[in-house]
Amino acid sequence: IGGTFIAVGEGARFELRPSEGLIHRHLKIFGSWYSTMAEGREVQELIVTGAIDPVAVVTHRVGLEEVPRALVRFASWEEGVLKTVVVMKK
């Protein structure tokens, strides 16, 4: 049990059932258009040195129950949505 789901590119569709997919299987979901390892390393260095603040681009925070709706808003390029962070309650 456990793993990572990564969606790369545009146009992908999937059905999300949090109980089955995320909670019981302990999955993580990531999405990306594309990047190279060198670009990833460069971004990490910029974050570590404080040259960029990754939190500055977060425009929305949602709970796990709001993920399906948030994915629709993001995928439809809804105005004002840049980055959405899922906040897990303890």
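Guide: What follows is a short walk through the fold, the surface and a few side chains. Keep in mind that this is a predicted model.

Visitor: Fine. How many helices and strands are in the chain?
Guide: The chain has three helices and four strands.

Visitor: And which pattern do they follow along the sequence?
Guide: Reading along the sequence gives β-α-β-α-β-α-β.

Visitor: What share of the contacts comes from residues 24 or more positions apart?
Guide: Among contacts with a separation of 6 or more, such pairs account for 51%.

Visitor: What about burial? What percentage of the residues is buried?
Guide: Of the 90 residues in the chain, 11% are buried.

Visitor: And the accessible surface of the chain, what does that come to?
Guide: About 7,800 Å². Carbon and sulfur atoms hold 58% of that surface.

Visitor: Which residues form a nonpolar patch there?
Guide: V43, L46, I47 and I52 do. Together they have about 270 Å² of accessible area.

Visitor: Where does I52 sit?
Guide: I52 is in the loop between α2 (37-48) and β3 (58-63). Its relative accessible area is 37%, so I52 counts as partly exposed.

Visitor: Let's look at α2. How many residues has it, and what distance does it reach?
Guide: α2 has twelve residues. From first C-alpha to last, α2 reaches 16 Å, close to the 16 Å expected at 1.5 Å a residue.

Visitor: Which residue takes a positive phi just after α2?
Guide: That is G50, with a phi of about 85 degrees.

Visitor: New topic: charges. How many salt bridges does the structure hold?
Guide: The structure holds one salt bridge. E66 pairs with R69 in a salt bridge, and the closest N and O atoms are 3.8 Å apart.

Visitor: Why does that count as one?
Guide: Because the cut-off for a salt bridge is within 4 Å, and the E66 and R69 atoms are 3.8 Å apart.

Visitor: Are those two buried or exposed?
Guide: E66 is partly exposed, at 25% relative accessible area. R69 is exposed, at 53%.

Visitor: Last one. Where is L71?
Guide: L71 lies in helix α3, residues 67-75. L71 is partly exposed, with 39% relative accessibility.

Visitor: How far apart are the C-alpha atoms of L71 and T84?
Guide: They are separated by 8.8 Å, with the two residues 13 apart along the chain.

Note on methods
Residues numbered from 1 in each chain as written. Predicted model: local features only at pLDDT ≥ 70, side-chain atom pairs only at ≥ 80, totals over all residues. Heavy atoms only, no water. Salt bridge = Lys/Arg side-chain N within 4 Å of Asp/Glu carboxyl O. Buried < 20%, exposed > 50% of the residue type's maximum accessible area, 1.4 Å probe, protein only. Helix = DSSP H or I, 4+ residues; strand = E, 2+ residues; numbered from the N terminus. Contact = heavy atoms within 4.5 Å. Areas by Shrake-Rupley, 256 points an atom, 1.4 Å probe, with all protein chains shown as cover. Patch = residues over 30% accessible without salt bridge, like charges linked within 9 Å, V, L, I, M, F, W, Y side chains within 5 Å. Expected span 1.5 Å × (residues − 1).
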